[in-house]
Amino acid sequence: MASKTKRGNQQTDNTAVVLKHRLRDHFIAKTHRCDLCFDLFAGTGLCSKIYSEHFDQVVAVDERRAQLEQFPDLQNCVTYQGDNYKLLPWLMDRYGSPAFVDLDAYGNPDACLQFVLRFCKCPVTIVVTDGTSQARRRAQVTPPAWKMRGVYWSALSIRWQEWPTLIHTHLHDWAEEQGKRVTDWRYVTPLSRAHSQGDPPVYYGAVIQERAE
Ligand SMILES: C[S@@+](CC[C@H](N)C(=O)[O-])C[C@H]1O[C@@H](n2cnc3c(N)ncnc32)[C@H](O)[C@@H]1O
């Protein structure tokens, strides 16, 4: 299942890459251990490359072989092709609990996020891209991880400006359910919505602690 992969020069969809990388630098500096990082929407490895300089071991997952085939050759990074959510229990078993988890999803990252909140040892740092707001413009069911039983949402159900509140409320509530709390929360968005069809993805990070810590 593990694959050491080769390089290429094809681009991946990477909106606001400077913003994303600054957010990652910020949260790497907040991370309590430097042993293990999971990069679960790893794409062509731009973020894994950064992590390989800070963590002893990087575990990168992408469902698309074409993405992994462009990965840089990083000594301390192992790549897996597959659905991250299905692989997560096995990865935790094999490598242990990560200090840092990257969920650069563009779609909805919350199924993996909930798994991390439930099973990862604290403190754990998370950095997330959430593109859920893009999908809400279409007649789409709300993300299954929200457990709203097939409820569809309308484009006007929540304004983009209120997205940080929705994300923080979810994160806070899901952490609480696991006896944990959200610290060092930071949320950033691209400066302009003009480049994007519909709402652009948003970026956030946090350090998750045990409630008593
Ligand atoms: C925005 S790109 C990631 C960019 C990457 N972090 C980088 O810095 O180069 C999102 C990636 O997530 C992958 N992806 C989407 N759903 C996935 C899933 N369920 N499991 C694994 N990978 C997934 C896509 O194939 C895509 O390559």
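Modeller: In strand 4, the bridge partner of D62 is Q81, where strands are DSSP runs of E with at least two residues, numbered from the N terminus. This is a predicted model, in which local features need pLDDT of at least 70, side-chain atom pairs count only at pLDDT 80 or more, and totals for chains, interfaces and linings use all residues. Residues are numbered from 1 along each chain as its sequence is written.

Strand 3 and strand 4 pair in the parallel sense over 5 bridges, and two strands are said to pair if DSSP finds at least two bridges between them. Because 4 of the 5 residues of strand 4 (residues 77–81) are buried, strand 4 is largely enclosed by the rest of the structure; a residue is buried if 20 or more other C-beta atoms, placed from the backbone, lie within 10 Å of its own, exposed if 12 or fewer, and partly exposed in between.

Strand 8 runs antiparallel to strand 6 (residues 124–130), to which 7 bridges join it, and here I126 stands opposite A206 in strand 8. Strand 7 (residues 180–188) also pairs with strand 8 in the antiparallel sense, over 7 bridges, with K180 standing opposite E210 in strand 8.
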